[in-house]
Structure formats: C-alpha cells, structure tokens
Amino acid sequence: MVVLPTQQYWIFWILLVALAGAEPARAADGMIRYWTNFARRGDPNGSGLPPWKQFKSSADVQSLAPASQGGIRPVDLSGEHQCSFWNATRPDGLR
C-alpha cells in the first residue's frame, strides 16, 4: 500500500486527536496554518488567526499555547520565562 503525502497528513491528524484530544489538535492546526502562510507568502498572518507581530524584541514573541493555557497570543518572552529572576540568580561565570 502506498500512502500519499496528503493521506499522511490526515492519518497524523486522526492519531493526534485520538491520542491527545481536540484542544492540542486545534493548537496544531493553528501552527500548521501559520507555517503554511509563511512558506507561501513570507508572512505567517492569515484570516481567522490571531496576528503574529514582526519580531523586534522579546515582547514580540507569539505563544502557541492551547486555549486552556491562554491560547495563541503575543507574549513578552522575558516576562513569561521570568528572565530577570534567572539572570539575577545565575553565577557570574555563566553570564
């Protein structure tokens, strides 16, 4: 049996929903749409997707979290990962 690339997508999708549930599958669908838009046009944005801002600083990072964890939205990378705390507590030799 030969499995075509389009069939592989749907087989993966069915397994993802079956194993992980609908919420991760929706998040994966959003990521796929961003990647497809970027590959096609050089811009990840598209209809029905939250806007993805152009990266200029750590405040311009896109979270691809499932809806139960805040959903797809812009986040401040330094704030999300508490970088100021980690920078203040790491040994001087690691700076």
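Biologist: How many aromatic pairs does the count come to in this structure?

Modeller: A pair of aromatic rings is described by the distance of the centres and the angle of the planes. Rings of Phe, Tyr and Trp (its six-membered ring) pair if their centres lie within 6.5 Å, and planes under 30 degrees apart count as stacked, over 60 as edge-to-face and the rest as tilted. By this rule the count is 1 aromatic pair. The ring centres of Tyr34 and Trp52 are 4.8 Å apart with their planes at 80°, so this pair is edge-to-face. The pair links distant parts of the chain, since Tyr34 belongs to helix H2 and Trp52 to the loop between H2 and E1, 18 residues apart.

Biologist: What should I know about the model before reading further?

Modeller: This is a predicted model, in which local features need pLDDT of at least 70 and side-chain atom pairs count only at pLDDT 80 or more, while totals for chains, interfaces and linings use all residues. Residues are numbered from 1 along each chain as its sequence is written, and side-chain values use heavy atoms, with hydrogens and water left out.

Biologist: Is Tyr34 buried or exposed?

Modeller: Buried means under 20% relative accessible area, exposed over 50%, and partly exposed in between (1.4 Å probe, protein chains only). Tyr34 is buried, at a relative accessible area of 2%, whereas Trp52 counts as partly exposed at 27%.

Biologist: Which residues of H2 are buried?

Modeller: Helices (H or I, at least four residues) and strands (E, at least two) are DSSP runs, numbered from the N terminus. In H2, which covers residues 22–41, the buried residues are Ala25, Ala27, Ala28, Gly30, Tyr34 and Asn37. Just after H2, Gly42 takes a positive phi of about 80°.

Methods
Expected span 1.5 Å × (residues − 1).
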